[in-house]
Amino acid sequence: MKDMDIAEVSRRTGVPASTLRYYEEKGLVASIGRRGQRRLFDPAVLDRLALIALGRAGGFTLDEISSMLTPDGLPKMDRGRLDAKANELDQIIQRLRAIREALRHAAKCPAAGPMECPTFRRAVRLAGAGRFEVAPLAPFRAEAVSVTRRKRETGDVRLE
């Protein structure tokens, strides 16, 4: 494959030319020359940009990604750092699953409104206290709604 100008790299990767110039400024990619006013890149830049995209999607900062790439374009990844990021992503996934379940519960709950459901209110309280990610919620159960109904039927409308 022959050298590509910045427009071709942008077209093939979906990375805007302005981002490519910024990546070059940060040392993440390097142009190999110019054709007129346009920067030229070696075809290997496509793999490097894919690696950068994976790092960004995984939550690495550009500085972290930069430290994992050598100037000659080869990765030099610390496996311990990769494992630590994977553990961090596990925590994020766990928190997002709990949030997803809280939202699904609220959407399907037979209570008059989500804030009348003690299970959903528990999720709101945890999130408001900044503890949602520390203490993810157990799977939601619709039977918690019956408590709200009983309270309404008996006149005890205090919300927990």
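Thr70 is buried, at a relative accessible area of 18% (buried means under 20%, exposed over 50% and partly exposed in between, with a 1.4 Å probe and protein chains only). The structure is a predicted model, in which local features need pLDDT of at least 70 and side-chain atom pairs count only at pLDDT 80 or more, while totals for chains, interfaces and linings use all residues. Residues are numbered from 1 along each chain as its sequence is written, and side-chain values use heavy atoms, with hydrogens and water left out.

Thr70 sits in the loop between α4 and α5. Leu74 is found in the loop between α4 (62-67) and α5. With residues up to four places away again not counted, Leu74 touches Arg48, Met68 and Leu69. Leu74 and Arg48 are 26 residues apart in sequence. Their C-alpha atoms are 8.2 Å apart in space.

The chain holds seven helices and three strands (DSSP runs numbered from the N terminus, with H or I over at least four residues for helices and E over at least two for strands). From the N terminus on, the order of elements is β-α-α-β-β-α-α-α-α-α. The chain has 160 residues, of which 30% count as buried. Among contacts with a separation of 6 or more, 51% come from residues 24 or more positions apart.

Helix α1 spans residues 6-13, and its buried residues are Ile6, Val9 and Ser10. These residues lie on the same side of α1 because they cover an arc of only 100° around the axis (the arc is that of the directions from the helix axis to the C-beta atoms). The buried residues of α1 pack against β1 (4-5), α2 (17-26), β3 (38-41) and α3 (45-57). At the start of α1, a side-chain oxygen of Asp5 reaches to within 3.0 Å of the backbone nitrogen of Ala7. Just after α1, Gly14 takes a positive phi of about 80°.

Ser10 counts as buried because its relative accessibility is 19%. Leaving aside neighbours within four places in sequence, Ser10 contacts Val15, Pro16, Ala17 and Leu20. Ser10 and Leu20 are ten residues apart in sequence and 7.7 Å apart in space, C-alpha to C-alpha.

Arg39 is placed in strand β3. Its side chain joins that of Glu24 in a polar contact of 2.5 Å (a pair of N or O atoms within 3.5 Å; within protein, one must be able to donate a hydrogen and the other to accept it, and residues adjacent in sequence count only if both atoms are side-chain atoms). Not counting residues up to four places away in sequence, Arg39 touches Met4, Asp5, Ile6, Arg21, Glu24, Ser31, Gly33 and Arg34.

Helices α5 (residues 79-108) and α6 (residues 118-128) pack at an angle of about 145°, with their axes 9 Å apart (axes are lines fitted to C-alpha atoms, for helices over the stretch in contact, and angles run from 0 to 180 degrees between N-to-C directions). The crossing of α5 and α6 is left-handed (the near helix is turned anticlockwise from the far one by less than a right angle). Ala102, His105 and Ala106 in α5 meet Thr119, Phe120 and Ala123 in α6. By class, this contact of α5 with α6 has four nonpolar, two polar and no charged residues (Ala, Val, Leu, Ile, Met, Phe, Trp, Tyr, Cys and Pro count as nonpolar, Asp, Glu, Lys and Arg as charged, and the others, Gly among them, as polar).

Key
Contact = heavy atoms within 4.5 Å.
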